[in-house]
Amino acid sequence: MTVTEAGEAAFRAIVRGLSPRSDPLESAFRCQQAADDAESAGRPDDAISLMLRAAQHLSRTRPRPEQPLALTEYTLSELYMRRPTGDQEANREAALHFLRRATAHDIENPDLYARAWGALGDRYARRSLGDPADNRRAALEAYRTALLLAPPIGPRGDWALNMHHYGLTLLEGSDQPGDAAEALVSHLQAAAAAHDAGDLALAARAHAWCADALDAVVARTAEAGEPTPLEVATPPEGMTGSADEAALCRMRAVSGVVLSDLRQLVWDGQVIEAGQVWERVGSSARDTHQPSLQGVALFHLGRLLRQLTRSEPDDAETVCRHLSAAALVIDPKLHPWSWEQLDRELAAVFAPDASPGAGDDPAPAGPWSGSPLYMYATTAGLAMAERALEDVDTREPADRPADALTSAATRQLRRALALLPDDPAHAESRARVRHELARTLSVRPWRPDAVDHEEARTFMEAALADTDREAQPERWQALHHELGVNYQNRQTGSAADNREQAIRHLTAALSAMPEGAPQRAVTLSQLGNVHHIRLRGDPADNMDRALEFYSRALHLRDRASQPLRWAITLHNIAVLYRERAVFGNRQGNLLTAADCFREALEVRTRDALPEHWALTVRELGVTLLRLGDPASVREGEELLRDAQSVYTHEDAPLDWAAIQWQRAETARAGGEHERAEALLRPVLGLSLERDRPDLWARVTRTYALACFDLGAERHDPEQVSLGVSLLNRSVERLRADGDWTVVARGAAELGDRCLVIDRPELAADAYLRALDADARRYTASLSLGSRESAVAGSWVIASRAAYVLVNRGRFDQAVDALERGRSRMLGEVLARDRVDLRHLLDGNERERAAAERYLAAAATVRALEAEERRLVGEAPEV
């Protein structure tokens, strides 16, 4: 007989020896022993049969032994999992069945408890039958139950293994960042427990899965798109790898988020545990050079401490210190959720009666307004403002995190201002806070209306009132400079008054600056800008003053050390020379402008500064077109086309439209009416009338003239009428903008076209509008030269207006038109229709009075002009 055969015989003898009358416990014990022997002998089916018989015996025992029965059913599940025969899927289902039964008993043994529930979790996690989501939920529930007996009560090795498997199951079948975060925490805890239990292999596996879980948190957080506290898993830009100390720090931060944000804190012990984790994160973040993460840790510590000791003054100061320190270093681009929550915490601490994050209204003073807490509020607000202003020059226009930085700084400064005591001792602090508040309001990019700038101006003026020039000269001059810029850009009130105020403040700022101060060039440039667009005073004189300021700024800006600012200033000088051409020495001014533009292009190259290059190339092209000679016109056209390679229709439609208008204007002036119309046709499809009404008026004028002239060539009355209608609309728009030089030219052009199509009433009205615009130009002119320039064409317009008005029988208006134009050509004008001055003098009483009024006015004008020429050393005109 073989050993196997002997074993089988012994097994059957044992089975036959079991009788119903035997003691169930003893019978069960003998079956379990026989089952062990059968499995050792390689007979798994017999082992399962014996173990089933053991379970039956235990089930008949009274009282039923819960723990032995649970152990037996647990063993049955293991036997089914190891069974090599039969349908494997059925074996796994049988194992699951017996594990369910085993865990249904009251298990007191920690070892069996952890193993049974952990095994049940394993079975559900690996199950292929049933709904995957249901299996995952059952597996997670089983693992959670297994983990209830934490070490040292339960077996540390089993607890570590169950925690590791729990983390694996969390990661599978879910795309939620929170599940990945819980998985990361599970793997971290599993690795620590396995290390303590001496299972280094399991510890290594858990550490490897920590890295995978961290990557999953980062990826899922990015996919979610919304700000989340799990942003702490994201590495700073340029930092890679997931197994270094910095990554371990972020893993701990995820643990802190899970404790303090993803799980409900219901008692102080949990708050303290979360605080301990964040203390460790802060220390580790400092050591691994992750300042923003260190700030997040400080924010969480302050928030958790406020939950524990909301009303203790000493702890309140600690909270303020933590939150103020966090405001210095949290990067809202990297950690936007933490930044937003920090803003809410600051509101809760410094303005507890205000709604957190609600609006920008001044916050009411909190209960600590009389304590030193206002210092922390001020420190946090000033630090946030400084960071926001540093970020202005580098951010993109639609960069929301940068906007969040500026907005939060504004709110915190308001809280600080509300907390600051209103007494002379704190005047300097109030001035500083108001100044920074004004600066942050001035750069906020998401509110394009005038509200922020108006409020900023109010804060600047209040800060200036609290600032002593002798004690704080830098702030005094900075406030004057910024008030000047604010008035220059102001969208409400009188534009002329605003620019005069801008000049006053900028001049005051300049007077307080030492000769070598770096800011001096900036203020000189601003003075050049505001004189360039000044509406009062003599236009030629304003341009000369602007040129003087720009030249002084250029002298302070060395090309080698400040190439970009040097090129900007030179570009502005070139624009001034081009515009001065209308006041005399046209060719010389235009050539000087072209030379300056070309020199600026040596710095503003296409490769280094494509948009700046395109702007200067465009302005150079316009200048060459105005020179008028064929070679310059050809080069100017080519330069404008080059600029449009950067200012494309898709990317920069308004700039593209401006260049297209310049090209069309040149084509129309050269008689190419059809080409001008074709160039402007696509421009009319843009929303220029809403976005750039000034450009719309110029484009419409050029298009109208091209349509009229083209219609006249083709004898197309509809196109001619369209041209007149559009030209009339453009003149009205230009009148609203107050650009009287262009209004005068456009209205005169409208009058000329209306005469051609025999619409004298509209022609007369157009000429009168042109005269009115010239009169406004003349009123603003002070010097003889600029006044002569302003009225250079007035007598021609007045003559045409008078001719039309006389033909319509409107004699009084005809004479008024000639008087307003300072014309001495009344006789020739009336002779165009065989009407002369003698005819008016011999007419009725009304006509005679009008003619006498003209003669008196003309004599007065001649006397004044003779006197003015005598004063400037010019011989009177004979």
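## Gly225 and the end of helix 10

Gly225 adopts a positive phi of about 80 degrees. This residue sits just after helix 10.

## Helix 10

Helix 10 covers residues 200–224. Its 25 residues should span 36 Å, because each residue counts for 1.5 Å. The end C-alpha atoms lie 36 Å apart, which agrees.

## The whole chain

The chain has 40 helices and zero strands. Of its 878 residues, 49% are buried. Take the contacts between residues at least 6 apart in sequence: 62% of them join residues at least 24 apart.

The accessible surface of the chain is about 41300 Å². Carbon and sulfur atoms account for 51% of that surface.

## Confidence

Mean pLDDT for the chain is 78. A pLDDT of 70 or more is reached by 79% of the residues.

Two stretches call for care. Residues 10–21 stay under 50 in pLDDT. The model gives them 15 contacts beyond four places in sequence. Residues 354–371 are also below 50. That stretch has 33 contacts beyond near neighbours in sequence. Where pLDDT is low, predicted coordinates should not be read in detail.

Conventions
Residues numbered from 1 in each chain as written. Predicted model: local features only at pLDDT ≥ 70, side-chain atom pairs only at ≥ 80, totals over all residues. Heavy atoms only, no water. Helix = DSSP H or I, 4+ residues; strand = E, 2+ residues; numbered from the N terminus. Expected span 1.5 Å × (residues − 1). Buried < 20%, exposed > 50% of the residue type's maximum accessible area, 1.4 Å probe, protein only. Contact = heavy atoms within 4.5 Å. Areas by Shrake-Rupley, 256 points an atom, 1.4 Å probe, with all protein chains shown as cover. pLDDT = per-residue confidence, 0-100.
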